[in-house]
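Here are a few exercises to work through with the model open beside you. Try each task yourself before you read its solution.

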Amino acid sequence: MVTESVGRVHIVGAGPGDPDLLTVKALRLIRAADVVVYDKLVSPAIMALIPAGTARIFAGKVARNHHMPQADINDLLVGLARSGRRVVRLKGGDPFTFGRGGEEAGHLAAAGIAFEVVPGVTSASACSAYAGIPLTHRDLAHGVRFVTGHTKDGQPLVLDWPRLADPDTTLVVYMGRTSAGTICHQLIRHGLPPGTPAAAIINGTRPDQQTLIATLSDLPRQLEAMNRSAPTLLVIGRVVDLARTLAWFAPDTPLPRAGDAESG
Ligand SMILES: C[S@@+](CC[C@H](N)C(=O)[O-])C[C@H]1O[C@@H](n2cnc3c(N)ncnc32)[C@H](O)[C@@H]1O
């Protein structure tokens, strides 16, 4: 049962990086929080919107070097809420899309802590939009699938390859950088043409966004050659070709940022 006598935890999506993609509600909660528990994926530009006097706790994870175990993060949120504080649990993208928001909400529910979930713009939507890749298109893709390329402790990546190798559906892979070779190889093996357009969007929506446009057969090699270890989203399917004409975001051109109007 949820009790109202303790602090409330707001599980808030921060989007992929550009602070202008924060929801109005996310910004309002960030400004009103007593403490913000944040992940590594929350961009510096969004961290800069947290008021100077607000406590910040880093609960990020670095691949193969977990900074704070999930169980400890869950307990931390319960403890902070029980101390009566307004807690914002700030997560990259959308908390309920490959973000463990469900696990954290489940733990809070079990502990009787009031919580709410504020959706964020997930990187599939945001990075594809900023790269000029519509995820669906009447002539090119009648659906889209989101999957994760993350494997636990070096175990093999097990996905439903026959279904994913569908030329009429766009495939978006979160956490797919290190498994890009396996992913592309398996998709070709299960019938996708090697020339299928494929993209890797690195640090999407941020000032240093890079978009690699390649084919399924040469994406892994080109990605490796770029040698960047930043967050990377893979988009595979015919729609990727549209980036050649629809890419509009010029990362070198500074965008007006959320909060600029107030500071200036
Ligand atoms: C643990 S998942 C979190 C996803 C997040 N909850 C969301 O909705 O976007 C981390 C993965 O999201 C993707 N990602 C998040 N932010 C990104 C960005 N700015 N550019 C590219 N990919 C990003 C990458 O695939 C990264 O490995």
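A crossing of two helices is called right-handed if the near helix is turned clockwise from the far one by less than a right angle, and left-handed if it is turned anticlockwise. Keep in mind that this is a predicted model.

**Exercise 1.** Work out how helix 3 and helix 4 pack, and which residues make the contact.

*Solution.* 
- Step 1: Find helix 3 at residues 70-82 and helix 4 at residues 101-111; their axes are 10 Å apart and the packing angle is about 45°.
- Step 2: That angle makes helix 3 oblique to helix 4.
- Step 3: Now apply the handedness rule: the crossing of helix 3 and helix 4 is right-handed.
- Step 4: Helix 3 brings Gln70, Ile73, Asn74, Asp75, Leu77, Val78 and Arg82 to the contact, and helix 4 brings Glu103, Glu104, His107, Leu108 and Ala111.
- Step 5: Sort the residues of this helix 3 and helix 4 contact by class, and you get five nonpolar, three polar and four charged.

**Exercise 2.** Find the buried residues of helix 4 and say what covers them.

*Solution.* 
- Step 1: Look down the axis of helix 4: its buried residues fall within an arc of 100°, so they line one face of the helix.
- Step 2: The cover over the buried residues of helix 4 includes helix 3 along with strand 1 (9-13), strand 4 (87-91) and strand 5 (115-118).

**Exercise 3.** Is alanine 33 buried or exposed?

*Solution.* 
- Step 1: Look in the loop between helix 1 (24-32) and strand 2 (35-38), where alanine 33 sits.
- Step 2: Buried means under 20% relative accessible area. Alanine 33 has 9%, so it is buried.
- Step 3: Leaving aside residues up to four places away in sequence, alanine 33 touches Thr54, Arg86 and Val88.

**Exercise 4.** Describe the packing of helix 7 with helix 8.

*Solution.* 
- Step 1: Helix 7 (residues 180-189) packs with helix 8 (residues 219-226) at about 170°, and their axes are 9 Å apart.
- Step 2: That makes helix 7 roughly antiparallel to helix 8.
- Step 3: The crossing of helix 7 and helix 8 is right-handed.
- Step 4: Ala180, Gly181 and Cys184 of helix 7 meet Leu219, Pro220 and Leu223 of helix 8.
- Step 5: By class, the contact of helix 7 with helix 8 has five nonpolar residues, one polar and no charged.

How values were computed. Residues are numbered from 1 along each chain as its sequence is written. This is a predicted model: local features need pLDDT of at least 70, side-chain atom pairs count only at pLDDT 80 or more; totals for chains, interfaces and linings use all residues. Side-chain values use heavy atoms; hydrogens and water are left out. Axes are lines fitted to C-alpha atoms, for helices over the stretch in contact, and angles run from 0 to 180 degrees between N-to-C directions. Helices (H or I, at least four residues) and strands (E, at least two) are DSSP runs, numbered from the N terminus. Angles under 35 degrees count as roughly parallel, over 145 as roughly antiparallel, 65 to 115 as roughly perpendicular and the rest as oblique. Contact means heavy atoms within 4.5 Å. Ala, Val, Leu, Ile, Met, Phe, Trp, Tyr, Cys and Pro count as nonpolar, Asp, Glu, Lys and Arg as charged, and the others, Gly among them, as polar. Buried means under 20% relative accessible area, exposed over 50%, partly exposed in between (1.4 Å probe, protein chains only). The arc is that of the directions from the helix axis to the C-beta atoms.
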